[in-house]
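Hi everyone, thanks for coming. Please have a look at the structure on the screen, and I'll walk you through a few parts of it.

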Amino acid sequence: MKTKPTSKKMATSEKAPSSENQVRLLIWTVPRSLSTVLSKCLSFVENTKVFFEMYESIFIAPGVKTEDEMANMSEEEQKFLLAVREKAHGISAGVDASQCTFQGVKEQLEEAHTGKKFIFSKDMAYAVMDRLESIPKGFRHLFLIRHPLKVFPSWKRSFLPLVPYMSLADDYRLDDLPQKYFPKGFGYKEVYELFEHVKKELDPEAIIIDADDLLKDPKGILSAVFNDIGLPFDEKILNWEAGDAVIEQWIIPRLYVQVDQLVGFYKNALDSTCFLKPKPLPDRSSISPDLLPFVDASMPYYQKMYSQRLSASKS
């Protein structure tokens, strides 16, 4: 495990236009790793701009969903999008990401963002693995991991509300989902390979934190992260108001806000007011047998990253 770090600077060749004291951070993760709770917490850093899953939205649903394009989609996708539109009619939060591109998101992240002290983006690692050139320059990188025995049961539960829209059986397997929803490396291969790429090409001091470590000691973990990236830490960010008002300030795909209204992907995270203590690691015997192959395939990647994770600051 890494010990308390010292502040490090990026190579000058990797700098994007920004003010001298501005801190920029890319957070990469796998689904169901408490990344939305972390995003909500970090939103309360003073003068912060938040980008939320913009790359993943393009990876999952590229292009404009006009009526003509919907006619070329599967019946299940049409049914789902129509349900979203009906349920979420009138929602104005978020941005229309239907015409966004990977290059466009990169350029937006690299803008000066004048007046902002902290710019961070949270996204899924698998969304950029085939578009590594779209990763913006001038950012530090943070990788958030969580034990596979906790991730895969949560991942499967999160899609249960979509069963009626995707012609899935109630006892569906995660690998019954299209690869855009459940990547071929199960998320862990992709996040590990992205970490290796980032260390070699972008940020040799890329940070890893574990979700349970964060829940056990949010002050210690976040103060260590802030020290590493050169951002003053204030304990007041460790408590926040319940509710989804915070996303009004995020650069988040409107489709994701609409889907959340339909199935509640982010409900628990947005209803939170602080980090809760972690639950014990479930026993393998309590996990649905169909999930164990994903757990076993993912554990080597998780363990490699876990051994390099950041420890809590003791100051």
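Let's start with strand β4, residues 140-145, which runs parallel to β5 and is joined to β5 by four bridges. A word on names: helices (H or I, at least four residues) and strands (E, at least two) are DSSP runs, numbered from the N terminus. Two strands pair if DSSP finds at least two bridges between them. Please keep in mind that this is a predicted model, where local features need pLDDT of at least 70 and side-chain atom pairs count only at pLDDT 80 or more, while totals for chains, interfaces and linings use all residues. Residues are numbered from 1 along each chain as its sequence is written, and side-chain values use heavy atoms, with hydrogens and water left out.

Back to our pair of strands. L142 sits opposite I207 in β5, and I145 has D210 of β5 as its bridge partner. Which way do the β5 residues point? I207 and I209 go one way, I208 and D210 go the other, and all are buried. Buried means under 20% relative accessible area, exposed over 50%, and partly exposed in between, with a 1.4 Å probe and protein chains only.

Now the whole sheet. Six strands make an open sheet with parallel pairing, in the order β5-β4-β1-β3-β2-β6.

As for β3 itself, seven of its seven residues are buried. One side carries F118, F120, K122 and M124, the other I119, S121 and D123, and both faces are covered.

What lies on the sheet? Helix α9, residues 218-229, lies across β1 (23-29), β3 (118-124), β4 and β5, running at about 175° to β5. Helix α12 packs on the sheet too, touching β4 and β5, and its direction makes about 130° with that of β4. Contact means heavy atoms within 4.5 Å. Axes are lines fitted to C-alpha atoms, for helices over the stretch in contact, and angles run from 0 to 180 degrees between N-to-C directions.

Helix α12 (residues 292-306) also meets helix α7 (residues 188-201): their axes come within 8 Å and cross at roughly 35°. On the α7 side the contact uses Y188, K189, V191, Y192 and F195, and on the α12 side S298, Y301, Y302, K304 and M305.

Finally, the core. A nonpolar core is a set of buried Ala, Val, Leu, Ile, Met, Phe, Trp, Tyr and Cys residues joined through side-chain atoms within 4.5 Å. The largest one has 103 residues, and L38, F143, F152 and F275 touch the most other members. Leaving out residues up to four places away in sequence, L38 touches I27, L142, L144, I209, L214, L222 and F275.

To put all that in context, the protein chain has 12 helices and six strands, and buried residues make up 53% of its 315 residues.
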